[in-house]
Amino acid sequence: MADGASPADVFALLDDEYARSLLAATSHQPMTAAELSDQCEMSVSTVYRRLDALESCDLVASRVRPDADGDHTTEYESHLDRLSVRLDDGSFEVRIETRSATQSFVDAFTDLWEGL
């Protein structure tokens, strides 16, 4: 789990309907904030606030996608593979398993290859 993200932070975030919607939407494919706003039917400012919180807990990762016209777009992708909660001796332990950097590299290479 990210430094500073307590179990309470993760629980509160996952209790938020907007955050869950964004996490679910980004689990299918990377999406921009504007695309997420349309798909999840929420304002762009709400999208950005929730994405910031999701990133701080390592549940979502952002990456810059260069466009053909020279502009760059930030897209967001669920980084979560598994979330487990353990209660041990009166305290909660939250373990977040994220996609490996190797898998992300493989996905990026596949996207590049298929785009040729």
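**Thr32 and its surroundings**

Tutor: Start with Thr32. Leaving out residues up to four places away in sequence, Thr32 touches Arg65, Thr73, Thr74 and Glu75. Keep in mind that this is a predicted model.

Student: Which element is Thr32 in?

Tutor: Thr32 sits in strand β1, residues 31-32.

Student: And is Thr32 buried or exposed?

Tutor: Buried. The cut-off for buried is under 20% relative accessible area. Thr32 counts as buried because its relative accessibility is 10%.

Student: Let me zoom out. How many helices and strands does the protein chain have?

Tutor: Five helices and five strands. From the N terminus on, the order is α-α-β-α-α-β-β-β-β-α.

Student: What share of the protein chain is buried?

Tutor: Buried residues are 27% of the 116 residues.

Student: OK, helix α2 next. Which of its residues are buried?

Tutor: In α2, residues 17-26, the buried ones are Ala19, Leu22, Leu23, Ala25 and Thr26. They cover an arc of only 165° around the axis, so they lie on the same side of α2.

Student: Why would residues three or four places apart point the same way?

Tutor: Because an α-helix has 3.6 residues a turn.

Student: What caps the N-terminal end of α2?

Tutor: Asp16 does. One of its side-chain oxygens lies 3.1 Å from the backbone nitrogen of Tyr18.

Student: How do α2 and α4 pack?

Tutor: At an angle of about 80°, with the axes 9 Å apart. Helix α4 covers residues 44-56. That angle makes α2 roughly perpendicular to α4.

Student: Which residues meet there?

Tutor: From α2, Tyr18, Ala19, Leu22 and Leu23. From α4, Thr46, Val47, Arg50, Leu51 and Leu54. By class, this contact has seven nonpolar residues, one polar and one charged.

Student: Switching to α3. Which residues are buried in that one?

Tutor: Ala33, Leu36, Ser37 and Cys40. Their arc around the axis is only 105°, so they are on the same side of α3.

Student: What do the buried residues of α3 pack against?

Tutor: They pack against α2, β1, α4 and β3, which is 72-78.

Student: How far apart are Ser37 and Tyr48?

Tutor: Eleven residues in sequence, and 9.3 Å in space, C-alpha to C-alpha.

Student: What follows α3?

Tutor: Glu41, with a positive phi near 55°. Glu41 lies in the loop between α3 and α4. At 72% relative accessibility, Glu41 counts as exposed.

Student: Why flag a positive phi?

Tutor: Most residues other than glycine have a negative phi. Glu41 has a positive one and is a residue other than glycine.

Definitions and conventions. Residues numbered from 1 in each chain as written. Predicted model: local features only at pLDDT ≥ 70, side-chain atom pairs only at ≥ 80, totals over all residues. Heavy atoms only, no water. Buried < 20%, exposed > 50% of the residue type's maximum accessible area, 1.4 Å probe, protein only. Helix = DSSP H or I, 4+ residues; strand = E, 2+ residues; numbered from the N terminus. Arc of directions from axis to C-beta. Polar contact = N/O pair within 3.5 Å; in protein donor to acceptor, adjacent residues only side chain to side chain. Axes fitted to C-alpha atoms, helices over the stretch in contact; angles between N-to-C directions. Parallel < 35°, antiparallel > 145°, perpendicular 65-115°, else oblique. Contact = heavy atoms within 4.5 Å. Nonpolar A, V, L, I, M, F, W, Y, C, P; charged D, E, K, R; others polar.
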